[in-house]
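Dear colleague,

Please find below the structure that I am handing over to you. My notes on what was found in it follow.

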Amino acid sequence: MNKKTLIRKVFDAGVVGAGGAGFPTHVKLGATGADTYLINGAECEPLLDADCHLMTTMAKELVDAGRITAEALGARLLFCVKAKHAEAVDALRSAGADVFEARDYYPLGDEVILIADALGRTVPEGHLPTEVGVVVNNVETLLNIHGALAGTPVTHTFVSTGGAVGRPTLFRAPIGTNARELLEVSGGIGIDPADAVFVDGGPMMGRYSDTPDFPVTKTTKGILVLPRDSLLATLEQMPVEEMLKRARVCCCQCNQCTVACSRYLVGMGIEPHKIMRAMAWAGTRNGEVLRMALLCSECNLCSALHACPMGLSPRRVNQQIKKALRESGVTPAFVKKEASPHPLREYRLAPSGRIKERLGLSVYDRESVFEPDLLHPSEVRIPLKQHVGAPSVPVVEEGQTVASGACIALPPEGVLGAKIHASIDGNVVSVTSGMVVLRRRE
Ligand code: SF4
Ligand code: SF4
């Protein structure tokens, strides 16, 4: 298949990065000069296991789609899977794939880290993996490409429930399903809901919420329930202003956040202790230091969850700086320069098991059971922005009947975005600039 046809099919199916980033895949596949098509099966967040299940049970579909895509890119296909997931490695190899068996540390799923580990290449700071000849897609994204090649749009997502739930479960959920519904079908919330927080994603990088009433999107990989008084929830829910007040009092500039920073260790010019100093003490602030925040992957290793001995989270501060720079339209340029990993990187990696212990998550360490038929939501709320770029524009009206797979929203002409499709057969009950709500037809 030629590249133009592939890109058209992927665009028509509304495929975006399913690993959490949501970057429109048809744009990624437009890259030129790639020699390697890397499939990210690292799945490094604790308690998430959807990708491992897909690699084990749908290896043939993944390898078929991978080969077609790699050929269109003119690149070789390479799957990256943690060696500990032997079943997934065996299934992919049996389907004819070339597999790189990776070590088990966090955050291996960050594509910059994965490229360093699997290929020994360092992505220049502020640049894309294509600068070093690599296109990276997540496992579920590749499965969605497989669907796109057959003309099937993205209507469902594989999502696992975990943490304090009755029975961790893996679903193939219609996009727009309320997270509360997934938890109910997973045996319910295992603690008093008033004492719980709900995570859209993994515990280290997910979005924390007081309520489970949010819709599953194309990028949702997990729905977790955690105790409100856990260190994780406390750090994630503390207002950044409060964090900075504390930083003024107790950030001792010990440098431990920088010593542990995954992006610093891979050779990028980010030093979170300097960012913390600059934000806590305005007199030390300058554009050069704040610009470093743009190199942050938000992996959370710098925070009290792993590195900071004073209960702080440089990650939360970086998030705020990135948001402010984005909103003010500032896009600092990064000059491309040679970089190499820190000489001590090998000794400073964070083993996944240690992270899980430190976060108190080992008690929830149960494999989810795949239940393909348990979920039949009567209503779905489909957000019009589930991707990087502009929100999509609805092309349906209230009262209209739609079939699952019908296009309900298009990206604005000439702007980065993705198509969105109905995930159930239903009637359109409301359309706003942010959401289309469908009710199932009986
Ligand atoms: S680890 Fe914590 S206390 Fe040390 S420099 Fe970083 S933010 Fe400050
Ligand atoms: S979250 Fe912290 S450790 Fe991770 S990349 Fe950002 S600054 Fe570095």
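Glutamine 253 lies in the loop between helix H10 (240-250) and helix H11; helices (H or I, at least four residues) and strands (E, at least two) are DSSP runs, numbered from the N terminus. The phi of glutamine 253 is near 55°, a positive value in a residue other than glycine. Most residues other than glycine have a negative phi, and most peptide bonds are trans. A cis peptide bond, with omega about 0°, joins tyrosine 106 and proline 107. Proline 107 is in the loop between strand S4 (105-106) and helix H6 (111-119).

This is a predicted model, in which local features need pLDDT of at least 70 and side-chain atom pairs count only at pLDDT 80 or more, while totals for chains, interfaces and linings use all residues. Residues are numbered from 1 along each chain as its sequence is written, chains are lettered from A and ligands numbered from 1 in the order in which they are written, and side-chain values use heavy atoms, with hydrogens and water left out.

Six strands form an open sheet of mixed pairing, in the order S9-S8-S10-S6-S7-S12; two strands pair if DSSP finds at least two bridges between them. Strand S9 (207-209) and strand S12 (369-370) stand at the edges with a single partner strand each, so one side of each is left without a neighbour in the sheet. Strand S8 (residues 196-200) pairs with S9 in the antiparallel sense over three bridges. Arginine 207 in S9 is the bridge partner of aspartate 200.

Yours sincerely
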